[in-house]
Amino acid sequence: AFLPLAGMLDLEVERRRLAKQRESALQEIQRLERLLGGEFATRAPQDVVARAQAKLDGARTAAEKLAAQLKELG
């Protein structure tokens, strides 16, 4: 099914929204990579480290999806 978006969606507003979300995801990725690359990963309980790794994986997936959506919008 094809849904024409012309007139229904301000593409520039949508691009800015997606770009802002992607930037937030990239910042979260950097924060978690620093956290997991430091002393935290060796000192924290294994379950806490695993939760941080899961958050990192989720942020990476979100950033990839947002980048793909931005590319689709052109």
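1. Confidence. The model is predicted, and the mean pLDDT of the protein is 92, with 88% of its residues reaching 70 or more. Among the helices, confidence is lowest in α2, which covers residues 40-43 and has a mean of 95, and highest in α3, which covers residues 46-73 and stands at 97.

2. Overall make-up. The protein contains three helices and zero strands, so that its pattern, when read along the sequence, is α-α-α. Of the 74 residues in the protein, 18% are buried.

3. Packing of α1 and α3. Helix α1 spans residues 11-37, and its axis and that of α3 come within 8 Å of each other while crossing at roughly 155 degrees. Because angles over 145 degrees count as roughly antiparallel, α1 and α3 are to be described as roughly antiparallel to each other. The crossing of these two helices, α1 and α3, is left-handed, and the residues of their contact divide into 17 nonpolar, three polar and seven charged.

4. Position of L36. Is L36 buried or exposed? L36, which has its place in helix α1, counts as buried because its relative accessibility is 16%, a value that falls under the cut-off of 20%. The C-alpha atom of L36 is separated by 7.4 Å from that of V49, although the two residues are 13 residues apart along the chain.

5. Salt bridges as a group. How many salt bridges does the count give? The count comes to seven salt bridges, and three of the pairs, each with both residues in α1, are taken up in the points that follow.

6. E12 and R16. In the salt bridge between E12 and R16, the closest N and O atoms are 4.0 Å apart, a separation to be read against the criterion of within 4 Å. The two residues, E12 and R16, are four residues apart in helix α1 and are therefore separated by about one helical turn. E12 is partly exposed, since its relative accessible area is 39%.

7. R17 and E14. The side chains of R17 and E14 meet in a salt bridge with an N to O distance of 2.5 Å, and both residues lie in helix α1, three residues apart, which corresponds to about one turn of the helix.

8. R31 and E28. A further salt bridge joins R31 with E28, the closest N and O atoms being 3.0 Å apart. Because R31 and E28 are three residues apart in helix α1, about one helical turn separates them. R31 is partly exposed, with a relative accessible area of 37%, and E28 is likewise partly exposed, with a relative accessible area of 27%.

Technical notes: Residues are numbered from 1 along each chain as its sequence is written. This is a predicted model: local features need pLDDT of at least 70, side-chain atom pairs count only at pLDDT 80 or more; totals for chains, interfaces and linings use all residues. Side-chain values use heavy atoms; hydrogens and water are left out. pLDDT is the predictor's confidence in each residue, from 0 to 100. Axes are lines fitted to C-alpha atoms, for helices over the stretch in contact, and angles run from 0 to 180 degrees between N-to-C directions. Angles under 35 degrees count as roughly parallel, over 145 as roughly antiparallel, 65 to 115 as roughly perpendicular and the rest as oblique. A crossing is left-handed if the near helix is turned anticlockwise from the far one by less than a right angle, and right-handed if clockwise. Ala, Val, Leu, Ile, Met, Phe, Trp, Tyr, Cys and Pro count as nonpolar, Asp, Glu, Lys and Arg as charged, and the others, Gly among them, as polar. Buried means under 20% relative accessible area, exposed over 50%, partly exposed in between (1.4 Å probe, protein chains only).
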